[in-house]
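Hi everyone, thanks for coming. I'd like to walk you through one model today, so let me put it on the screen.

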Amino acid sequence: MPSNPAADRLKSLFSAQDIVLDSAYQGIDAAGWKSLFSQAKASKLEQFIADLFAGKPVNNSENRPALHSALRNLDKTPVLVNGKDIMPEVAQVWHRMEALCNSWVGVTDVIHIGIGGSDFGPRLAIEALAHVPGIESRGMRMHFLANIDTADLNRILQRALPNSTRVIIVSKSFTTLETTMNAKAVVKWLKDHGRTDSQISHALYAVTANVPAAEAFGVNKDNIYPFWDWVGGRYSVWSAVGLPIALQYGFENFKQFLAGAQAMDQHFKSAPLEENLPVIMALSLLYQQEKYNIKSYAVIPYADALDWFPKWLQQLDMESNGKSVDRDGKPVKFSCPVVFGSSGSNAQHSYFQLLHQGTEVIPIDFIAIREPMSHLPEAKAHHRILLSNCLAQAQALANGKKTDNPNNTYPGKRPSNLLILPKLNAYYLGALLALYENRTAALGALWNINSFDQPGVELGKVLAKPIEAALKNGGTVLADAGIDEVTAARINLLNS
Ligand code: F6P
(Lines give C-alpha, C1' and ligand atoms only; values in the text may rest on other atoms or scores of the structure.)
Protein backbone atom coordinates (compact mmCIF):
# COMPACT_ATOMS: atom_id res chain seq x y z
CA MET A 1 0.00 0.00 0.00
CA PRO A 2 1.48 3.45 -0.89
CA SER A 3 2.28 5.48 2.20
CA ASN A 4 0.23 8.58 2.90
CA PRO A 5 2.58 11.34 4.15
CA ALA A 6 -0.23 13.35 5.78
CA ALA A 7 -1.49 10.33 7.70
CA ASP A 8 2.07 9.35 8.65
CA ARG A 9 2.69 12.88 9.88
CA LEU A 10 -0.39 12.72 12.10
CA LYS A 11 0.72 9.34 13.34
CA SER A 12 3.96 10.86 14.53
CA LEU A 13 2.44 13.42 16.93
CA PHE A 14 1.57 12.32 20.45
CA SER A 15 0.93 14.18 23.68
CA ALA A 16 0.37 13.75 27.39
CA GLN A 17 -0.10 16.43 30.04
CA ASP A 18 0.62 19.11 27.40
CA ILE A 19 3.98 17.53 26.66
CA VAL A 20 4.19 16.88 22.93
CA LEU A 21 6.25 14.16 21.31
CA ASP A 22 6.97 14.53 17.61
CA SER A 23 8.51 11.36 16.24
CA ALA A 24 8.32 12.36 12.57
CA TYR A 25 12.07 12.00 12.09
CA GLN A 26 12.05 8.42 13.37
CA GLY A 27 11.19 7.32 9.84
CA ILE A 28 8.49 4.96 11.12
CA ASP A 29 5.39 4.80 8.93
CA ALA A 30 1.89 3.67 9.94
CA ALA A 31 2.65 0.03 9.12
CA GLY A 32 5.86 0.26 11.16
CA TRP A 33 3.99 1.57 14.19
CA LYS A 34 1.36 -1.11 13.80
CA SER A 35 3.97 -3.80 13.91
CA LEU A 36 5.70 -2.17 16.91
CA PHE A 37 2.44 -2.06 18.88
CA SER A 38 1.82 -5.73 18.03
CA GLN A 39 5.30 -6.49 19.32
CA ALA A 40 4.53 -4.58 22.55
CA LYS A 41 1.32 -6.56 23.00
CA ALA A 42 3.12 -9.83 22.35
CA SER A 43 5.66 -8.85 25.04
CA LYS A 44 2.74 -8.49 27.50
CA LEU A 45 3.67 -4.87 28.14
CA GLU A 46 0.15 -3.99 29.28
CA GLN A 47 0.25 -6.72 31.94
CA PHE A 48 3.68 -5.50 33.09
CA ILE A 49 2.39 -1.93 33.50
CA ALA A 50 -0.58 -3.18 35.52
CA ASP A 51 1.74 -5.30 37.71
CA LEU A 52 4.13 -2.38 38.24
CA PHE A 53 1.41 -0.11 39.60
CA ALA A 54 -0.29 -2.89 41.55
CA GLY A 55 2.86 -3.47 43.60
CA LYS A 56 3.57 -6.93 42.20
CA PRO A 57 7.19 -8.05 42.72
CA VAL A 58 8.40 -6.83 39.30
CA ASN A 59 11.92 -6.76 40.76
CA ASN A 60 12.03 -10.55 40.54
CA SER A 61 15.65 -11.06 41.65
CA GLU A 62 15.00 -9.27 44.95
CA ASN A 63 11.35 -10.29 45.11
CA ARG A 64 10.23 -6.66 45.59
CA PRO A 65 7.79 -4.30 43.99
CA ALA A 66 9.03 -1.07 42.37
CA LEU A 67 6.58 1.44 43.72
CA HIS A 68 8.12 4.85 43.12
CA SER A 69 4.67 5.68 41.72
CA ALA A 70 3.27 5.42 45.27
CA LEU A 71 5.59 8.22 46.34
CA ARG A 72 3.80 10.61 43.97
CA ASN A 73 0.33 9.23 44.58
CA LEU A 74 -0.96 12.51 45.98
CA ASP A 75 -4.56 11.22 46.00
CA LYS A 76 -3.44 8.61 48.54
CA THR A 77 -5.50 5.89 46.87
CA PRO A 78 -4.47 2.72 48.72
CA VAL A 79 -1.41 0.87 47.46
CA LEU A 80 -0.89 -2.53 49.05
CA VAL A 81 2.44 -4.14 49.84
CA ASN A 82 2.05 -7.53 51.54
CA GLY A 83 -1.58 -6.69 52.14
CA LYS A 84 -0.82 -3.39 53.95
CA ASP A 85 -1.66 0.05 52.59
CA ILE A 86 1.63 1.97 52.36
CA MET A 87 0.07 5.38 51.69
CA PRO A 88 -0.40 6.44 55.36
CA GLU A 89 3.37 6.05 55.93
CA VAL A 90 4.15 7.96 52.74
CA ALA A 91 1.77 10.76 53.72
CA GLN A 92 3.26 10.95 57.20
CA VAL A 93 6.68 11.65 55.69
CA TRP A 94 5.12 14.38 53.50
CA HIS A 95 3.68 16.01 56.67
CA ARG A 96 7.04 15.89 58.38
CA MET A 97 8.78 17.35 55.32
CA GLU A 98 6.28 20.19 55.17
CA ALA A 99 6.70 20.92 58.88
CA LEU A 100 10.48 20.97 58.43
CA CYS A 101 10.20 23.45 55.56
CA ASN A 102 8.28 25.78 57.83
CA SER A 103 10.62 25.41 60.78
CA TRP A 104 14.03 26.22 59.30
CA VAL A 105 15.15 29.78 59.95
CA GLY A 106 18.53 31.37 59.48
CA VAL A 107 19.99 28.43 57.55
CA THR A 108 22.61 29.62 55.06
CA ASP A 109 24.01 26.29 53.84
CA VAL A 110 22.73 22.77 53.32
CA ILE A 111 25.24 20.01 52.71
CA HIS A 112 23.44 17.16 50.99
CA ILE A 113 25.59 14.03 51.21
CA GLY A 114 24.68 11.13 48.93
CA ILE A 115 25.72 9.47 45.68
CA GLY A 116 24.08 7.90 42.62
CA GLY A 117 20.33 7.93 43.02
CA SER A 118 20.76 9.70 46.33
CA ASP A 119 22.35 12.61 44.47
CA PHE A 120 21.36 12.96 40.81
CA GLY A 121 17.62 13.52 41.25
CA PRO A 122 17.72 16.26 43.90
CA ARG A 123 20.76 17.87 42.26
CA LEU A 124 19.03 17.98 38.87
CA ALA A 125 15.84 19.42 40.39
CA ILE A 126 17.66 22.07 42.43
CA GLU A 127 19.65 23.15 39.35
CA ALA A 128 16.72 23.05 36.94
CA LEU A 129 14.28 24.95 39.12
CA ALA A 130 16.84 27.62 39.95
CA HIS A 131 16.40 28.76 36.32
CA VAL A 132 12.62 29.01 36.47
CA PRO A 133 11.74 32.67 36.01
CA GLY A 134 10.01 34.02 39.10
CA ILE A 135 10.36 30.90 41.26
CA GLU A 136 10.51 31.64 44.97
CA SER A 137 13.69 30.32 46.47
CA ARG A 138 14.96 30.49 49.99
CA GLY A 139 18.37 31.14 48.51
CA MET A 140 20.19 28.70 50.76
CA ARG A 141 23.45 27.44 49.33
CA MET A 142 22.69 23.81 48.45
CA HIS A 143 25.94 21.88 48.34
CA PHE A 144 25.88 18.38 46.87
CA LEU A 145 28.64 16.21 48.25
CA ALA A 146 28.91 12.90 46.41
CA ASN A 147 32.46 11.99 45.45
CA ILE A 148 34.89 10.46 47.93
CA ASP A 149 37.50 12.72 46.26
CA THR A 150 38.17 15.41 48.87
CA ALA A 151 38.14 18.08 46.16
CA ASP A 152 34.36 18.16 46.51
CA LEU A 153 34.51 18.22 50.29
CA ASN A 154 37.16 20.93 50.31
CA ARG A 155 35.22 23.14 47.91
CA ILE A 156 32.10 22.89 50.06
CA LEU A 157 33.75 23.31 53.43
CA GLN A 158 35.48 26.45 52.22
CA ARG A 159 32.13 28.03 51.39
CA ALA A 160 29.75 26.79 54.09
CA LEU A 161 29.25 28.66 57.36
CA PRO A 162 29.44 26.05 60.15
CA ASN A 163 27.14 27.88 62.57
CA SER A 164 24.26 28.03 60.12
CA THR A 165 24.77 24.81 58.15
CA ARG A 166 22.40 21.85 58.07
CA VAL A 167 23.59 18.44 56.89
CA ILE A 168 21.37 15.87 55.18
CA ILE A 169 22.84 12.37 54.81
CA VAL A 170 20.98 10.55 52.07
CA SER A 171 21.52 6.86 51.54
CA LYS A 172 18.99 4.13 50.95
CA SER A 173 21.31 1.51 52.42
CA PHE A 174 23.26 3.80 54.77
CA THR A 175 26.26 1.59 54.01
CA THR A 176 27.62 3.41 50.95
CA LEU A 177 31.25 4.13 51.71
CA GLU A 178 31.49 7.48 49.93
CA THR A 179 28.47 8.77 51.82
CA THR A 180 29.35 7.56 55.32
CA MET A 181 32.97 8.73 55.02
CA ASN A 182 31.95 12.13 53.71
CA ALA A 183 29.36 12.40 56.49
CA LYS A 184 32.01 11.65 59.11
CA ALA A 185 34.28 14.31 57.61
CA VAL A 186 31.51 16.92 57.70
CA VAL A 187 30.64 16.07 61.32
CA LYS A 188 34.34 16.45 62.17
CA TRP A 189 34.39 19.84 60.43
CA LEU A 190 31.42 20.96 62.55
CA LYS A 191 33.24 19.80 65.71
CA ASP A 192 36.46 21.49 64.63
CA HIS A 193 34.49 24.71 64.31
CA GLY A 194 33.33 24.51 67.88
CA ARG A 195 29.83 23.12 67.40
CA THR A 196 28.71 21.20 70.47
CA ASP A 197 27.31 17.66 70.34
CA SER A 198 23.80 18.98 70.86
CA GLN A 199 24.21 21.61 68.12
CA ILE A 200 25.53 18.94 65.76
CA SER A 201 22.65 16.65 66.58
CA HIS A 202 20.30 19.54 65.80
CA ALA A 203 22.04 20.15 62.45
CA LEU A 204 22.20 16.53 61.28
CA TYR A 205 19.42 14.86 59.23
CA ALA A 206 19.18 11.53 57.44
CA VAL A 207 17.01 10.14 54.66
CA THR A 208 17.25 6.38 54.48
CA ALA A 209 15.58 2.98 54.28
CA ASN A 210 17.97 1.79 57.00
CA VAL A 211 16.84 3.80 60.05
CA PRO A 212 18.85 1.74 62.63
CA ALA A 213 22.10 2.48 60.75
CA ALA A 214 21.34 6.21 60.67
CA GLU A 215 20.65 6.15 64.41
CA ALA A 216 23.86 4.20 65.00
CA PHE A 217 25.69 6.91 63.05
CA GLY A 218 24.39 9.45 65.54
CA VAL A 219 21.42 11.00 63.79
CA ASN A 220 18.61 11.91 66.16
CA LYS A 221 15.55 9.71 65.52
CA ASP A 222 13.35 12.79 65.02
CA ASN A 223 15.63 13.94 62.20
CA ILE A 224 15.43 10.69 60.23
CA TYR A 225 13.11 10.58 57.22
CA PRO A 226 12.48 7.01 56.15
CA PHE A 227 11.85 5.54 52.76
CA TRP A 228 11.35 1.93 51.91
CA ASP A 229 12.69 -1.22 50.32
CA TRP A 230 10.05 -1.08 47.62
CA VAL A 231 11.71 2.01 46.06
CA GLY A 232 14.82 1.55 43.94
CA GLY A 233 17.65 3.97 44.86
CA ARG A 234 17.64 5.59 41.42
CA TYR A 235 13.88 6.17 41.62
CA SER A 236 13.96 7.74 45.08
CA VAL A 237 13.91 11.49 44.41
CA TRP A 238 10.13 11.36 44.98
CA SER A 239 10.64 10.29 48.60
CA ALA A 240 12.28 12.48 51.25
CA VAL A 241 15.39 12.17 49.05
CA GLY A 242 13.77 15.18 47.36
CA LEU A 243 13.86 17.15 50.62
CA PRO A 244 16.23 19.83 49.22
CA ILE A 245 13.58 20.67 46.59
CA ALA A 246 10.98 21.26 49.30
CA LEU A 247 13.40 23.15 51.52
CA GLN A 248 14.68 25.45 48.79
CA TYR A 249 11.55 26.07 46.72
CA GLY A 250 8.82 25.36 49.27
CA PHE A 251 6.65 22.32 49.90
CA GLU A 252 4.06 23.55 47.38
CA ASN A 253 6.63 23.29 44.57
CA PHE A 254 7.66 19.83 45.80
CA LYS A 255 4.00 18.83 45.62
CA GLN A 256 3.80 20.22 42.09
CA PHE A 257 6.86 18.13 41.19
CA LEU A 258 5.04 15.05 42.50
CA ALA A 259 1.80 16.11 40.77
CA GLY A 260 3.48 16.30 37.36
CA ALA A 261 4.95 12.85 37.87
CA GLN A 262 1.65 11.47 39.12
CA ALA A 263 -0.16 12.79 36.03
CA MET A 264 2.44 11.09 33.81
CA ASP A 265 1.99 7.85 35.79
CA GLN A 266 -1.75 8.00 35.26
CA HIS A 267 -1.17 8.45 31.55
CA PHE A 268 1.32 5.53 31.43
CA LYS A 269 -1.06 3.34 33.41
CA SER A 270 -4.23 4.05 31.48
CA ALA A 271 -3.51 5.33 27.96
CA PRO A 272 -3.73 2.72 25.20
CA LEU A 273 -0.32 1.64 23.96
CA GLU A 274 -0.94 3.51 20.69
CA GLU A 275 -1.18 6.84 22.55
CA ASN A 276 1.14 6.13 25.43
CA LEU A 277 4.13 8.50 25.42
CA PRO A 278 6.60 6.41 27.45
CA VAL A 279 5.67 3.34 25.39
CA ILE A 280 5.99 5.16 22.07
CA MET A 281 9.41 6.49 23.06
CA ALA A 282 10.48 3.00 24.13
CA LEU A 283 9.23 1.51 20.87
CA SER A 284 10.99 4.10 18.74
CA LEU A 285 14.29 3.14 20.39
CA LEU A 286 13.52 -0.53 19.85
CA TYR A 287 12.80 0.15 16.17
CA GLN A 288 16.16 1.88 15.64
CA GLN A 289 17.93 -0.85 17.57
CA GLU A 290 16.48 -3.54 15.36
CA LYS A 291 17.05 -1.51 12.19
CA TYR A 292 20.56 -0.15 12.78
CA ASN A 293 21.80 -2.26 15.71
CA ILE A 294 22.47 1.05 17.49
CA LYS A 295 24.90 1.00 20.39
CA SER A 296 24.20 4.43 21.83
CA TYR A 297 21.68 7.22 21.87
CA ALA A 298 21.85 10.86 22.89
CA VAL A 299 19.54 13.15 24.79
CA ILE A 300 19.98 16.84 24.12
CA PRO A 301 17.84 19.27 26.10
CA TYR A 302 17.91 22.70 24.49
CA ALA A 303 17.83 24.23 27.96
CA ASP A 304 20.75 24.97 30.21
CA ALA A 305 18.45 24.31 33.16
CA LEU A 306 18.38 20.64 32.15
CA ASP A 307 22.14 20.20 31.86
CA TRP A 308 22.02 17.60 34.66
CA PHE A 309 19.20 15.70 32.98
CA PRO A 310 21.45 13.45 30.81
CA LYS A 311 23.55 12.54 33.86
CA TRP A 312 20.43 11.64 35.82
CA LEU A 313 19.19 9.63 32.81
CA GLN A 314 22.48 7.77 32.47
CA GLN A 315 21.98 6.19 35.88
CA LEU A 316 18.28 5.63 35.36
CA ASP A 317 18.71 3.87 32.04
CA MET A 318 22.07 2.16 32.25
CA GLU A 319 21.87 1.01 35.87
CA SER A 320 18.35 -0.28 35.17
CA ASN A 321 18.74 -1.90 31.78
CA GLY A 322 22.49 -2.27 31.19
CA LYS A 323 22.28 -6.04 31.39
CA SER A 324 23.01 -8.99 29.17
CA VAL A 325 20.63 -11.58 30.58
CA ASP A 326 16.86 -11.51 30.82
CA ARG A 327 14.60 -12.16 33.79
CA ASP A 328 15.20 -15.89 33.40
CA GLY A 329 18.98 -15.57 33.14
CA LYS A 330 19.02 -16.15 29.38
CA PRO A 331 21.23 -13.99 27.12
CA VAL A 332 19.39 -11.11 25.47
CA LYS A 333 19.93 -9.91 21.91
CA PHE A 334 19.36 -6.26 22.83
CA SER A 335 19.51 -4.22 26.00
CA CYS A 336 20.29 -0.65 27.00
CA PRO A 337 22.44 1.35 24.57
CA VAL A 338 24.97 3.81 26.00
CA VAL A 339 23.24 7.08 26.89
CA PHE A 340 25.01 10.39 26.65
CA GLY A 341 24.15 14.01 26.18
CA SER A 342 24.35 17.57 27.41
CA SER A 343 22.51 20.78 26.81
CA GLY A 344 22.23 22.36 23.39
CA SER A 345 23.35 24.47 21.75
CA ASN A 346 26.68 23.82 23.56
CA ALA A 347 26.53 20.18 22.49
CA GLN A 348 26.54 21.23 18.83
CA HIS A 349 30.06 22.55 19.35
CA SER A 350 31.24 19.29 20.84
CA TYR A 351 30.11 15.92 19.43
CA PHE A 352 27.53 16.86 16.79
CA GLN A 353 30.14 16.37 14.06
CA LEU A 354 30.02 12.66 14.92
CA LEU A 355 26.23 12.63 15.12
CA HIS A 356 26.04 14.04 11.58
CA GLN A 357 28.90 12.24 9.85
CA GLY A 358 30.20 9.48 12.13
CA THR A 359 30.01 5.84 11.08
CA GLU A 360 27.31 4.94 13.60
CA VAL A 361 23.68 5.93 13.63
CA ILE A 362 22.93 7.47 17.03
CA PRO A 363 19.27 8.29 17.68
CA ILE A 364 18.60 11.47 19.59
CA ASP A 365 15.91 12.79 21.89
CA PHE A 366 15.76 16.56 21.51
CA ILE A 367 13.98 18.38 24.32
CA ALA A 368 12.71 21.90 23.74
CA ILE A 369 10.89 24.26 26.07
CA ARG A 370 8.39 26.64 24.54
CA GLU A 371 9.03 29.54 26.93
CA PRO A 372 12.35 31.29 27.50
CA MET A 373 14.08 30.70 30.81
CA SER A 374 14.53 34.30 31.88
CA HIS A 375 12.82 37.67 31.88
CA LEU A 376 15.84 39.45 30.41
CA PRO A 377 15.12 41.84 27.52
CA GLU A 378 17.14 39.51 25.28
CA ALA A 379 15.22 36.40 26.35
CA LYS A 380 12.84 36.11 23.39
CA ALA A 381 15.45 36.69 20.70
CA HIS A 382 17.90 34.27 22.30
CA HIS A 383 15.19 31.68 22.79
CA ARG A 384 14.18 31.88 19.12
CA ILE A 385 17.76 31.12 18.15
CA LEU A 386 17.95 28.27 20.65
CA LEU A 387 14.79 26.69 19.24
CA SER A 388 15.81 27.28 15.63
CA ASN A 389 19.07 25.47 16.30
CA CYS A 390 17.22 22.56 17.83
CA LEU A 391 14.86 22.25 14.83
CA ALA A 392 17.69 22.74 12.33
CA GLN A 393 19.83 19.99 13.82
CA ALA A 394 16.96 17.51 13.75
CA GLN A 395 16.20 18.28 10.09
CA ALA A 396 19.84 18.19 9.02
CA LEU A 397 20.33 14.85 10.76
CA ALA A 398 17.20 13.38 9.20
CA ASN A 399 17.51 14.62 5.64
CA GLY A 400 21.26 14.97 5.24
CA LYS A 401 22.76 16.57 2.15
CA LYS A 402 24.40 15.05 -0.90
CA THR A 403 27.36 16.75 -2.53
CA ASP A 404 30.10 15.65 -4.94
CA ASN A 405 32.58 15.87 -2.12
CA PRO A 406 32.28 12.91 0.29
CA ASN A 407 33.83 15.03 3.01
CA ASN A 408 30.95 17.48 2.78
CA THR A 409 28.21 14.91 2.42
CA TYR A 410 25.73 14.36 5.22
CA PRO A 411 24.31 10.84 5.04
CA GLY A 412 21.00 11.77 6.75
CA LYS A 413 18.51 9.14 7.97
CA ARG A 414 19.66 9.85 11.53
CA PRO A 415 16.53 9.44 13.62
CA SER A 416 15.35 11.71 16.41
CA ASN A 417 12.42 12.51 18.66
CA LEU A 418 11.41 16.01 19.62
CA LEU A 419 9.81 16.51 23.02
CA ILE A 420 8.23 19.90 23.64
CA LEU A 421 7.49 21.07 27.19
CA PRO A 422 5.12 24.06 27.46
CA LYS A 423 7.41 25.54 30.12
CA LEU A 424 9.83 24.43 32.76
CA ASN A 425 8.49 24.43 36.30
CA ALA A 426 8.24 21.90 39.12
CA TYR A 427 5.17 20.27 37.54
CA TYR A 428 6.68 19.73 34.09
CA LEU A 429 10.02 18.69 35.53
CA GLY A 430 8.20 16.00 37.53
CA ALA A 431 6.30 14.92 34.42
CA LEU A 432 9.49 14.78 32.33
CA LEU A 433 11.34 12.63 34.87
CA ALA A 434 8.38 10.27 35.24
CA LEU A 435 8.06 10.06 31.45
CA TYR A 436 11.63 8.77 31.25
CA GLU A 437 11.29 6.51 34.31
CA ASN A 438 8.26 4.88 32.72
CA ARG A 439 10.02 4.65 29.37
CA THR A 440 12.95 2.87 31.07
CA ALA A 441 10.53 0.43 32.71
CA ALA A 442 8.72 -0.13 29.39
CA LEU A 443 12.03 -0.84 27.64
CA GLY A 444 12.95 -3.31 30.38
CA ALA A 445 9.64 -5.09 29.83
CA LEU A 446 10.13 -5.14 26.05
CA TRP A 447 13.61 -6.64 26.46
CA ASN A 448 12.34 -8.90 29.27
CA ILE A 449 14.95 -7.43 31.61
CA ASN A 450 14.54 -6.73 35.35
CA SER A 451 15.06 -2.95 35.44
CA PHE A 452 15.05 -2.72 39.22
CA ASP A 453 18.21 -4.39 40.48
CA GLN A 454 21.88 -3.51 39.82
CA PRO A 455 24.05 -6.55 40.67
CA GLY A 456 26.75 -5.37 38.27
CA VAL A 457 27.92 -2.62 40.62
CA GLU A 458 28.91 -4.98 43.45
CA LEU A 459 32.08 -6.76 42.24
CA GLY A 460 34.19 -3.61 42.00
CA LYS A 461 33.02 -2.45 45.44
CA VAL A 462 34.13 -5.77 46.97
CA LEU A 463 37.53 -5.70 45.24
CA ALA A 464 38.16 -2.11 46.34
CA LYS A 465 38.43 -3.25 49.97
CA PRO A 466 41.58 -5.44 49.77
CA ILE A 467 43.09 -2.97 47.30
CA GLU A 468 42.58 -0.14 49.77
CA ALA A 469 44.18 -2.29 52.49
CA ALA A 470 47.18 -2.94 50.22
CA LEU A 471 47.53 0.75 49.36
CA LYS A 472 47.43 1.52 53.07
CA ASN A 473 50.07 -1.02 54.11
CA GLY A 474 52.66 0.04 51.57
CA GLY A 475 51.69 -2.21 48.69
CA THR A 476 51.81 -5.63 50.30
CA VAL A 477 49.12 -7.73 48.69
CA LEU A 478 47.76 -10.59 50.78
CA ALA A 479 47.85 -13.92 48.94
CA ASP A 480 44.14 -14.65 49.25
CA ALA A 481 42.93 -11.07 48.64
CA GLY A 482 41.76 -11.79 45.09
CA ILE A 483 44.11 -9.15 43.57
CA ASP A 484 45.67 -10.14 40.24
CA GLU A 485 49.18 -9.38 38.98
CA VAL A 486 48.22 -6.35 36.92
CA THR A 487 46.47 -4.70 39.84
CA ALA A 488 49.23 -5.67 42.29
CA ALA A 489 51.74 -3.95 40.00
CA ARG A 490 49.52 -0.89 39.79
CA ILE A 491 49.28 -0.75 43.58
CA ASN A 492 53.08 -0.69 43.68
CA LEU A 493 53.22 2.00 41.01
CA LEU A 494 50.88 4.19 43.02
CA ASN A 495 52.79 3.52 46.24
CA SER A 496 56.22 4.14 44.77
O1 F6P B 1 25.81 2.56 42.47
C2 F6P B 1 25.00 1.66 43.09
C3 F6P B 1 24.00 2.28 44.02
O4 F6P B 1 23.53 1.23 44.79
C5 F6P B 1 22.85 2.99 43.30
O6 F6P B 1 21.86 2.15 42.88
C7 F6P B 1 22.40 3.94 44.35
O8 F6P B 1 21.66 4.98 43.80
C9 F6P B 1 23.72 4.41 44.92
O10 F6P B 1 24.55 3.26 44.88
C11 F6P B 1 23.68 4.96 46.31
O12 F6P B 1 23.18 4.01 47.21
P13 F6P B 1 22.63 4.43 48.63
O14 F6P B 1 21.49 5.35 48.42
O15 F6P B 1 22.25 3.15 49.29
O16 F6P B 1 23.75 5.14 49.36
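Predicted model: local features only at pLDDT ≥ 70, side-chain atom pairs only at ≥ 80, totals over all residues.

Six strands make it up, it's open, and the order is β1-β2-β13-β12-β10-β11. The pairing is mixed. At the edges you've got β1, residues 13-16, and β11, residues 338-340, and each of those pairs on one side only. If you ignore direction, neighbouring strands here are turned by 20° against each other on average.

Let me zoom in on one pair in there. β2 covers residues 19-22 and β13 covers 416-421, and they run antiparallel with three bridges between them.

Now, the cores. Which residues have the most contacts inside the largest nonpolar core? Those are Leu 45, Met 97, Trp 230, Phe 257, Leu 306, Phe 309 and Tyr 436, and the core as a whole has 117 residues. Helix α16, residues 426-447, gives the most to it, with 15 residues. And this core takes at least three residues from each of two domains: domain 1, which is 5-62 + 258-447, and domain 2, which is 68-255.

Take Phe 309 as a close-up. Leaving out anything up to four places away in sequence, Phe 309 touches Leu 124, Val 299, Pro 301, Ile 367, Leu 432, Leu 433 and Tyr 436.

Leu 204 brings me to strand β8, residues 204-208. Is β8 mostly covered or mostly open? Mostly covered: five of its five residues are buried. Leu 204, Ala 206 and Thr 208 point one way, Tyr 205 and Val 207 point the other way, and all are buried.

So who are the partners of β8? One is β7, residues 165-170, which runs parallel to β8 and is joined to it by four bridges. In that pair, Ile 169 stands opposite Ala 206. Another is β9, residues 224-226, also parallel, with three bridges to β8. There, Val 207 has Tyr 225 as its bridge partner. To get from β8 to β9 the chain goes through helix α9, residues 211-217, and that β-α-β crossover is right-handed.

That's my tour, happy to take questions.

Notes: Residues numbered from 1 in each chain as written. Heavy atoms only, no water. Pairing = 2+ DSSP bridges. Helix = DSSP H or I, 4+ residues; strand = E, 2+ residues; numbered from the N terminus. Axes fitted to C-alpha atoms, helices over the stretch in contact; angles between N-to-C directions. Core = buried A, V, L, I, M, F, W, Y, C linked by side-chain atoms within 4.5 Å. Buried < 20%, exposed > 50% of the residue type's maximum accessible area, 1.4 Å probe, protein only. Domains from an automatic or database assignment. Contact = heavy atoms within 4.5 Å. Right-handed = clockwise from strand over helix to strand, strands pointing away.
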